[in-house]
Structures are given as C-alpha cells and as structure tokens.
Amino acid sequence: MSKKVVLSGSRPTGNIHLGNYFGALENWVRLQDDYDCHFFIADWHALTTGYDDTKSLYKNTVSLMADFLASGLDPAKSTLFLQSLVPSHAELYLLLSMITPLSWLERCPTYKDMMANMGEKDIATHGFLGYPVLQAADILMYKADFVPVGEDQVPHLEMSREIARRFNFLYEKDVFPEPQPLLTKSKVLPGTDGRKMSKSYGNTIALADTPEEVSKKVMSMITDPARIRKDDPGHPEVCTVFAFHKIFSEDEVGDIEEQCRKGEIGCVACKRKLQEKMARFHTPIFEKRQKLLENESELLDIIRDGSERAKVKADQTMAEVRKAVRIGI
Ligand code: TRP
Ligand code: SF4
C-alpha cells in the first residue's frame, strides 16, 4: 500500500525559533518515515503581508532551508521545495479562486483578526484576502491526506476541505481528497520572558542564535520573583527556567522541582544546568546550520532538486484539473 500524503509549509519570514521547532518542525521530522512528506517554503505567502519589503526574501528563503535541514528534514526522504519554483500553484490558485465564494474568505477568522491588528500597514489587498485559497492550492496540488498544522491554521484547512468538495461537486469528478489536520500534541515552550515565544515580543531563542547568545538568554530569564535568597523555597510552576527544564532536562526535572521547592538549589546554579542541557540540543543544530550556509550553492541545488520533484506531481494534478474543468485545448 502506498504511503499517505503529508504536506505542510512555512513562510520565509526570518529565523526559525525554538517555539516553531517544537510546535512544528520536530513533528515534521518524525513524520518523514511513515508518510510521503512534502514540506515547502511558502514565499508567495510571505508576500501577502510583506509585498512592500522583499529585500530579505532571498536570505530568509535560503536560511529557512538551512533550518529545515539542520532540524533533520531529509531531502532523501521528503520532497522539500520552494513554492515559487512550482508555478502551477499559481494556476491552481486562479482556478480555485473562481469557485470560492467571497463570503467564505471575508468570514475567515484569521483574516478578520489580521485586518483588525495590522495597524498602519495596508493589507486590504486582493492577495491577502485570497491567502486561504493559495493555501488550498498548495495542499490540494499534492492531494494531501494530512496537514500537520497548529490550531491557528485549522480554519484555513477547513476552507481547503470546502474548496475541495466544491470543486469535486461542480466538475463532477473526485479529483481532490479532503485534507485532514494532523494535530499532534507538541511541547509548548514559552519565550524567555514567560510569554508565548514570538518574534514580535523579542523573546525568542532561534536556531540561528550563537551558543553564546543562547547562554546569555538563559541567564536573563525571569525566575520565581518570590525567591530572594537562594534558600528561599521556590515555585517552579511560575518560573520560565523550569518550563525549559521540562523540555530539555526530562531526566532531571523531578529532582530540580524538589530542590527548588525545598530551597536547595539557587537560581544561578539552576540556570547553569539549563545552559548545559540546552547547549547539548542547540549547538549541534547551530553548527550544522552554519556549515550548510557556508555552501550556499549546494543549498540552492537542494531547493531546485526538490522543486523539480514537486513539479512532476504538480503537473500530473494540473492535467487532471484542466480536464475536469474542461479548460484549454
Ligand atoms: N499559512 C501557513 C502559516 O502561516 C503556511 C502555509 C502556506 C501552509 N501554505 C500552506 C501550511 C499549506 C500548511 C499547508 O504557517
Ligand atoms: Fe526557577 Fe530553578 Fe530558580 Fe526554581 S531554582 S525558581 S526552577 S530557576
């Protein structure tokens, strides 16, 4: 039996941080052995909000591929590609846009949210409104069965299913299967200030941060404010350092909790321990990333090769799609 198809993508908007890693990438890496996986860099999607500043697009694209590979995505197992190198995504997007009611897009919660929160920036564009249609094209192009995404993307996936259903109904052909979300329980890591890790809060630890930067960020983390002296009993549940230990020090987290509650370990010692544990995880990824970026032409070849492979499947789907729509001669 052939493997089920998985597809997911990420916009090249800057360096992948540990929140992205544990929220998505770690899970993608695990899926590679059991599914026919497609992971791509959604550069056209980056334009929906960043159309006016494309200076960093190239750098971010190459660096996202380095993040992918350093995290363990493997071009020998998965199809890793760049959206804009598979231009059929734009053709499918156009055809799907013909059949997508405007009301579906206008009531999309992510659209309403972003419109309300973008402030000064003008994102009242055709392209931004069409974001979920482009995403549906990405997913349906490869007839994905499963799409590993975070909760925030569930409305988009629901719309992809509705668009698939509508296409199959209108053209009386079962061209597209309905993609299901793959919501795996992922580890949640707060930012260095205890809030959600997010670039806009400036509280991230990136795969691209140097080991020195990571150590510094650990030292600056907020601990239990009730601990003034090192033998004061602590409350690990309010401490950011402890939230990190839960992920990086699985073998010792019970001991750390007990020592903290009893006031037997000081916060500085506790942070030093975390620095060590995090370095063991982060430094190898960082070094692999650096090495990949030193040889940019090889990275570009990986992007091009993967995109060529994606194209083969995209061409097959588009032939079916055109036939179903009866467009062309
Ligand atoms: N919208 C996704 C995000 O912001 C990126 C994305 C684009 C995507 N196309 C996709 C994710 C298709 C899954 C499937 O993270
Ligand atoms: Fe946090 Fe560790 Fe200090 Fe306890 S000892 S408050 S877990 S840093």
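A residue is called buried when its relative accessible area is under 20%, exposed when that value is over 50%, and partly exposed in between (1.4 Å probe, protein chains only). By that rule, buried residues make up 48% of the 329 residues in the chain. This is a predicted model, in which local features need pLDDT of at least 70, side-chain atom pairs count only at pLDDT 80 or more, and totals for chains, interfaces and linings use all residues. Residues are numbered from 1 along each chain as its sequence is written, chains are lettered from A and ligands numbered from 1 in the order in which they are written, and side-chain values use heavy atoms, with hydrogens and water left out.

**Overall build**

- The chain holds 14 helices and five strands, where helices (H or I, at least four residues) and strands (E, at least two) are DSSP runs numbered from the N terminus.
- Along the principal axes, the C-alpha atoms fill a box of roughly 80 × 45 × 40 Å.

**Around ligand 2**

- Ligand 2 sits in the largest cavity.
- A cavity here is a set of points, on a 1 Å grid over the protein atoms alone, where a 1.4 Å probe fits but cannot get out, and a molecule sits in one if more than half of its atoms lie within 2 Å of its grid points.
- The residues around ligand 2 are Thr 223, Asp 224, Arg 227, Cys 239, Val 241, Phe 242, Cys 260, Ile 265, Cys 267 and Cys 270, and a residue belongs to this shell if one of its heavy atoms lies within 4 Å of the molecule.
- Helices α11 (240–248) and α13 (267–294) are the elements that give two or more residues to the shell.
- By class, the shell has seven nonpolar, one polar and two charged residues; Ala, Val, Leu, Ile, Met, Phe, Trp, Tyr, Cys and Pro count as nonpolar, Asp, Glu, Lys and Arg as charged, and the others, Gly among them, as polar.

**Cysteines**

- Two of the shell cysteines are buried: Cys 260 has a relative accessible area of 11%, and Cys 270 has 12%.
- A search of the whole structure finds zero disulfides, a disulfide being a pair of cysteine sulfur atoms within 2.5 Å.

**Positive phi in two loops**

- Lys 143, in the loop between α8 (131–141) and β4 (146–147), has a positive phi of about 50° although it is not a glycine.
- Lys 143 is partly exposed, at 22% relative accessible area.
- Glu 172 also has a positive phi of about 50° without being a glycine, and its loop runs between α9 (154–170) and β5 (180–181).
- Glu 172 is exposed, with a relative accessible area of 69%.

**Residues to find in the viewer**

- Trp 28 belongs to helix α1 (residues 18–31) and is buried, with a relative accessible area of 4%.
- Thr 13 lies in the loop between β1 (5–10) and α1 and is partly exposed at 42%.
- From Thr 13 to Arg 229 the C-alpha distance is 42 Å, and the two are 216 residues apart in sequence.
- Arg 309, in helix α14 (residues 296–325), is partly exposed with a relative accessible area of 40%.
- Arg 309 and Pro 101 are 208 residues apart in sequence and 32 Å apart in space, C-alpha to C-alpha.

Notes: 1 Å grid on protein atoms, 1.4 Å probe; cavity = no way out; pocket = protein on both sides within 12 Å on 5 of 7 lines; lining within 4 Å.
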